[in-house]
Amino acid sequence: IRKISKREERVGFMLPPSPEGISLMLSIWSAGKTSVNLNYTSGVESVLKCVERTEIQTVFTSRAFLDKLQKRGQDYFVLGKVAKLVCVEDLEKSVGFFHRALAFVAAFALPSRLLEFFFVKSAKPDDIAVILFSSGSEGTPKGVMLSHRNLVSNTQQANAVFTLRPNDVMLAELPIFHSFGLTVTVLLPLFEGIPLVTCAEPTDVKTIARVCAEFRVTILVGTPTFLRAVGLNRWVHPMCLKHLRLVLSGAERLRPEIRDLFARKFKKEIYEGYGCTETAPIATFNTEDVLLDDFLTM
């Protein structure tokens with residue numbers, strides 16, 4: 001990544017939540033770059049404007065992913081006319097056996113301080129880590145610059161409310177270009193050291209239900225629209241979600257009928273949050289009732 005974008009401070013990123021997508025985004029930060037996460041659901045014209053506005057010259061993506069979007073009527077290959085498209089398939093081929101073996105040995109043998117020294121370019125907490133674009137509810141999508149401090153502090157604030165447990169498993173199906181998906185479903189489990197299960201297609205409710213059952217997912221985060229689709233899908237048996245202990249909703253207003261649907265079918269309570277991209281994104285969240293230690297003395 002450093003060789004491809006030598007003098008560029010920021011680079012484009014367009015991949016769904018997946019092992020490749022998360023690894024690539026972390027690699028962009030390790031290279032000392034700012035990741036501009038492009039919203040591939042907003043349309044080609046909107047993404048082209050975002051590329052022009054942020055003045056990025058390189059976009060990291062996947063050829064297989066672009067082919068999939070093209071079959072849906074969105075030809076994102078046109079981004080190659082305004083920026084250099086770098087596909088993860090080509091990056092993988094460019095790494096030889098020697099460098100793979102060296103990285104494998106280093107990951108197991110070297111202490112974290114040496115790994116940081118050799119492979120990670122240091123950054124200050126207030127350096128811009130990522131540029132995300134707002135949903136456009138107030139007009140044209142705005143680029144929101146979030147620092148490393150913004151992301152880390154918001155994950156710590158979120159964990160103070162959620163209190164993740166060692167046996168928790170997070171489902172990461174929200175897009176990484178969304179601040180809710182980036183902070184809560186990706187960075188929070190990585191920082192707290194719990195497993196996360198990626199699902200690149202959030203509309204594939206049947207697969208998501210199977211994944212939740214197979215990997216015993218305990219935390220499900222989604223929009224009300226997504227949760228409604230899960231509740232109404234006849235292939236989603238209540239036992240698929242029996243391991244859930246937290247169901248979190250955000251990004252839009254949670255209607256009472258969706259809350260009641262989850263309560264009737266899965267016997268699960270949905271906790272609603274509020275925030276915006278500028279707050280990285282969580283501002284407030286409902287939680288389950290807690291009995292305080294000084295309750296009996298009140």
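In which order do the 6 strands of the open sheet stand? The order is E4-E3-E1-E2-E5-E6, and the pairing in this open sheet is mixed; two strands count as paired if DSSP finds at least two bridges between them. The structure is a predicted model, in which local features need pLDDT of at least 70 and side-chain atom pairs count only at pLDDT 80 or more, while totals for chains, interfaces and linings use all residues. Residues are numbered from 1 along each chain as its sequence is written, and side-chain values use heavy atoms, with hydrogens and water left out.

**Overall build**

- The protein chain has 11 helices and 12 strands, where helices (H or I, at least four residues) and strands (E, at least two) are DSSP runs numbered from the N terminus.
- The radius of gyration of the protein chain is 20 Å, close to the 19 Å that the globule rule gives for 298 residues, so the chain is as compact as a globular protein of that length; the radius is taken over C-alpha atoms, and the rule is 2.2 Å times the number of residues to the power 0.38.
- Taken along the principal axes, the box filled by the C-alpha atoms of the protein chain is roughly 60 × 45 × 35 Å.

**The open sheet**

- The edge strands are E4 (84-87) and E6 (143-147), each of which pairs on one side only.
- From one strand to the next the twist averages 25°, with axes being lines fitted to C-alpha atoms, for helices over the stretch in contact, and angles running from 0 to 180 degrees between N-to-C directions.
- Strand E5 (residues 128-133) runs antiparallel to E6 and is joined to it by 5 bridges, and Ile 128 has Ser 147 in E6 as its bridge partner.

- Strands E10 (residues 246-249) and E11 (residues 270-275) run parallel and are joined by 3 bridges, with Leu 248 standing opposite Tyr 271 in E11.
- Together with helix H11 (residues 256-266), E10 and E11 make a right-handed β-α-β unit, meaning that, with the strands pointing away from the viewer, the path from the first strand over the helix to the second runs clockwise.
- E11 also pairs in the antiparallel sense with strand E12 (residues 282-285) over 3 bridges, and the bridge partner of Tyr 274 in E12 is Thr 284.

**Helices H10 and H11**

- Helix H10 (residues 224-232) packs against H11 at an angle of about 35°, with the axes 10 Å apart.
- Residues in contact (heavy atoms within 4.5 Å) include Leu 227 and Val 230 of H10 and Ile 258, Leu 261 and Phe 262 of H11.
- By class, this contact of H10 with H11 has 8 nonpolar, 1 polar and 2 charged residues; Ala, Val, Leu, Ile, Met, Phe, Trp, Tyr, Cys and Pro count as nonpolar, Asp, Glu, Lys and Arg as charged, and the others, Gly among them, as polar.

**Backbone exceptions**

- Most residues other than glycine have a negative phi, and most peptide bonds are trans.
- In the hairpin of E11 and E12, with 6 residues between the strands, Ala 280 takes a positive phi near 70°, and a cis peptide bond with omega of about -10° joins Ala 280 to Pro 281.
- Glu 55, which is not a glycine, has a positive phi of about 60° and is placed in the loop between helix H2 (44-54) and strand E3 (58-61).
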